Amino acid sequence: MISFIFTRFLTRPIYSLMSAARSIGEGRFDVPLPAPSRDEIGYLSREFGEMAQKLKELDEMKERFIQSVSHELKSPLGAAQAYVELLKVGKAGPLPAQAVKILEIVQQAIDRLRRFITDILDLAKLEAGRVGLNLQT
């Protein structure tokens with residue numbers, strides 16, 4: 001009985017650390033870690049805590065970077081799309097049919113890029129858990 005209690009006392013922090021490591025691997029960085037002690041498990045627990053904090057900071061930096069880049073790409077795309085529309089409707093004067101076809105190709109490329117950027121932003125929001133799904137039959 002004493003051996004069982006002693007074993008549970010020694011292995012409980014290890015199982016807690018394993019659970020925390022699993023959570024960190026799933027992207028949840030604010031997990032409770034075993035109370036730090038002065039032994040190897042305490043040292044490992046402190047190192048895990050520091051690792052989780054650094055991973056959280058990196059994840060936040062990645063999210064800010066994606067949002068910044070996406071925003072910086074959307075602005076010139078919007079301007080390019082507006083200029084293509086102006087050219088197509090003849091604001092700069094009449095265009096030959098071949099030029100209109102080229103502008104339509106450019107507009108399709110702009111639309112694809114815009115959808116791609118929106119998809120990247122949506123993926124970043126999904127990863128951050130800021131988008132809820134509204135499932136319906």
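Start by selecting phenylalanine 48, which lies in helix α2; helices here are DSSP runs of H or I with at least four residues, numbered from the N terminus. The model is predicted, so local features need pLDDT of at least 70 and side-chain atom pairs pLDDT 80 or more, while totals for chains, interfaces and linings use all residues. Residues are numbered from 1 along each chain as its sequence is written, and side-chain values use heavy atoms, without hydrogens and water.

Next, show the neighbours of phenylalanine 48. Leaving aside residues up to four places away in sequence, Phe48 touches Leu17, Ala21, Ile24 and Leu33, where contact means heavy atoms within 4.5 Å.

Now select α1 (residues 2-25) and α2 (residues 40-88), whose axes come within 11 Å and cross at roughly 10 degrees. That makes α1 roughly parallel to α2, a term for angles under 35 degrees. To see the contact, pick Pro13, Ile14, Leu17, Ala21 and Ile24 on α1, and Ile41, Leu44, Ser45, Phe48, Met51, Ala52 and Leu55 on α2. These contact residues divide into eleven nonpolar, one polar and no charged; Ala, Val, Leu, Ile, Met, Phe, Trp, Tyr, Cys and Pro count as nonpolar, Asp, Glu, Lys and Arg as charged, and the others as polar.

Last, go to the largest pocket: select Arg8, Phe9, Leu10, Arg12, Pro13, Ala35, Ser37, Asp39, Ile41 and Gly42, which line it. A pocket is an open set of points on a 1 Å grid where a 1.4 Å probe fits, with protein on both sides within 12 Å along at least five of seven lines, and lining residues have an atom within 4 Å of a point. The largest share of the lining, five residues, comes from α1.

Conventions
Axes fitted to C-alpha atoms, helices over the stretch in contact; angles between N-to-C directions. Helix = DSSP H or I, 4+ residues; strand = E, 2+ residues; numbered from the N terminus. Parallel < 35°, antiparallel > 145°, perpendicular 65-115°, else oblique.
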